[in-house]
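Here are my notebook entries from an afternoon of looking things up in this model. Please keep the structure open beside them and follow along.

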Amino acid sequence: MSNAEENNKSHIIFCGEKDIDYTQSNKYAFLNWDFDNSLGGKNNVPQFIQDNFVMGNAYIGNAVLSLYSILYSGNYCSTADALIFPIMFDLWHGVELWLKSSVDAIYYFLGINNKIKKSHKIYEYLEVLEEELKKNRYGAYNRYCTTGID
């Protein structure tokens, strides 16, 4: 194998399951979502909660990096005009995923079945989160106080 072939092999972008070395995920994680933290598959609620949170971080991070790039370049060639809508989408979708993750986590920890149909209605998730936080704030505090945990 030539030196160029060896170099290309260490930087594979598209790879299959057999090509993945899970001890070195930094070499390929951008296409093979490195979310699974061994909590289980698609039907495992804690894994789903974490996946939504991590993907929300990714969308927000992408928006921040894009904004930084525009500011750092001094908006060279008016790139902000073309990128503002994708940046706003990333921010909006990141917040949506954070809200979904938060609502799902609250319901999971309280042992309540999540009644919200999975959708992209960000205001519905925000409303439910606000309601649950208000409703459970003192209940959770009282549970900790009665157990002697400060």
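Entry 1: I started with Gly74, which comes just after H2 and takes a positive phi of about 70 degrees. The model is a predicted one, so I read these backbone angles as computed values.

Next I asked which phi Asn75 has. I found a positive value of about 55 degrees, although Asn75 is not a glycine. Asn75 sits in the loop between H2 and H3. Its relative accessible area is 29%, so I noted Asn75 as partly exposed.

Cys77 belongs to the loop between H2 and H3 too. Its phi is near 55 degrees, again a positive value in a residue other than glycine. Is Cys77 buried or exposed? I looked it up: Cys77 is exposed, with a relative accessible area of 60%.

**Entry 2: helix H2.** I then went back to the helix itself, which covers residues 45–72. I wanted to know whether its length fits its residue count. At 1.5 Å a residue, the 28 residues of H2 should span 40 Å, and I found the end C-alpha atoms 40 Å apart, so the two agree.

Which residues of H2 are buried? My list reads Gln47, Ile49, Asn52, Met55, Gly56, Ile60, Ala63, Ser66 and Ile70. When I looked for what covers them, I found that the cover includes helix H3, residues 79–110.

**Entry 3: aromatic pairs.** How many aromatic pairs does the structure hold? I noted five. In one of them, the rings of Tyr59 and Phe89 have their centres 6.2 Å apart and their planes at 75 degrees; over 60 degrees counts as edge-to-face, so I filed this pair under that heading. The pair links distant parts of the chain, with Tyr59 in helix H2 and Phe89 in helix H3, 30 residues apart. Tyr59 is partly exposed at 23% relative accessible area, and Phe89 is partly exposed at 47%.

I also looked up Tyr108 and Phe109. Their ring centres are 5.6 Å apart and their planes stand at 70 degrees, so this pair is edge-to-face as well.

**Entry 4: a nonpolar patch.** Together with Val45, Tyr108 and Phe109 make a nonpolar surface patch of about 340 Å².

Definitions and conventions. Residues are numbered from 1 along each chain as its sequence is written. This is a predicted model: local features need pLDDT of at least 70, side-chain atom pairs count only at pLDDT 80 or more; totals for chains, interfaces and linings use all residues. Side-chain values use heavy atoms; hydrogens and water are left out. Helices (H or I, at least four residues) and strands (E, at least two) are DSSP runs, numbered from the N terminus. The expected span of a helix is 1.5 Å times one less than its number of residues. Buried means under 20% relative accessible area, exposed over 50%, partly exposed in between (1.4 Å probe, protein chains only). Contact means heavy atoms within 4.5 Å. Patches are made of residues with over 30% relative accessible area and no salt bridge: like charges are joined within 9 Å, nonpolar side chains (Val, Leu, Ile, Met, Phe, Trp, Tyr) within 5 Å. Accessible areas come from the Shrake-Rupley method with a 1.4 Å probe; for residues, only the protein chains shown count as cover. A salt bridge is a side-chain nitrogen of Lys or Arg within 4 Å of a carboxyl oxygen of Asp or Glu. Rings of Phe, Tyr and Trp (its six-membered ring) pair if their centres lie within 6.5 Å; planes under 30 degrees apart count as stacked, over 60 as edge-to-face and the rest as tilted.
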